[in-house]
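Here are a few notes to read alongside the structure. Have a look at it first, then work through the points in order.

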Amino acid sequence: MRNLASVLLMGATAFVLSTGMAFAGDVEVSDARVRLLPGDIPGAGYFHLHNGSDETIKLVGAHSDAYGKVEIHQSMEKDGMMHMHAVPAIEIKAGESFELAPSGYHLMLMQRSVPLELGDDVEVTLEFEGHDPLPVTFDVVSPADM
């Protein structure tokens, strides 16, 4: 009986792990970069996200050990002025791509907790509704490189 329970537990664990890994393999993140600003000024994270899965996915957040707070934001122009606000999620339909870029959607990286320099790498974990988190390595770049 104990062997049967062990086999069932191992099978269930393998299924859960394979489901998360399959999802991560279907979602591609490229050109991931963090715009580093001096002092305590918040940084911004940009990347290209491709949903190669057969279902709509929803990016609902992110976190990083290098920052105390990470939010999804959208910048837009209204009456000649740039405005920015937090958004709860971004949906990406099956087979489609989404760009987080300057003057649009981006990750707002606040309360930097570790020193960073241009050329460093920083890990940011993307959070998706109903799926395992996806760790992504971001390049730390200058605003001039944007």
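Predicted model: local features only at pLDDT ≥ 70, side-chain atom pairs only at ≥ 80, totals over all residues.

1. Next, the chain as a whole. Of its 146 residues, 35% are buried. The accessible surface is about 8,700 Å², and carbon and sulfur atoms hold 55% of that. Among contacts with a separation of 6 or more, 66% join residues 24 or more positions apart.

2. How many aromatic pairs does the structure hold? There are two. In one of them, the ring centres of Phe47 and Phe138 are 5.7 Å apart and the planes stand at 85 degrees, so this pair is edge-to-face; the cut-off for that label is an angle over 60 degrees. Phe47 sits in strand 2 (residues 43-51) and Phe138 in strand 10 (residues 134-141), so to speak a link between distant parts of the chain, 91 residues apart. Both Phe47 and Phe138 are buried.

3. Phe98 and Tyr105 make an aromatic pair too, again edge-to-face, with 5.2 Å from centre to centre and 65 degrees between the planes. Tyr105 has a relative accessibility of 24%, so it counts as partly exposed.

4. Now for some backbone angles to check. Asp31 is not a glycine, yet its phi is positive, at about 50 degrees. You'll find Asp31 in strand 1 (residues 27-35).

5. Where is Asp79 found? Look in the loop between strand 4 (67-78) and strand 5 (81-86). Asp79 counts as exposed because its relative accessibility is 75%.

6. Last, take a look at Thr125, which lies in strand 9 (residues 121-128). Its relative accessible area is 11%, so Thr125 is buried, the cut-off being under 20%. Which residues does Thr125 touch, leaving aside those up to four places away in sequence? They are Gly61, Ala62 and His63, together with Pro133, Leu134 and Pro135.

Notes:
Residues numbered from 1 in each chain as written. Heavy atoms only, no water. Buried < 20%, exposed > 50% of the residue type's maximum accessible area, 1.4 Å probe, protein only. Contact = heavy atoms within 4.5 Å. Areas by Shrake-Rupley, 256 points an atom, 1.4 Å probe, with all protein chains shown as cover. Helix = DSSP H or I, 4+ residues; strand = E, 2+ residues; numbered from the N terminus. Phe/Tyr/Trp six-rings, centres within 6.5 Å; stacked < 30°, edge-to-face > 60°.
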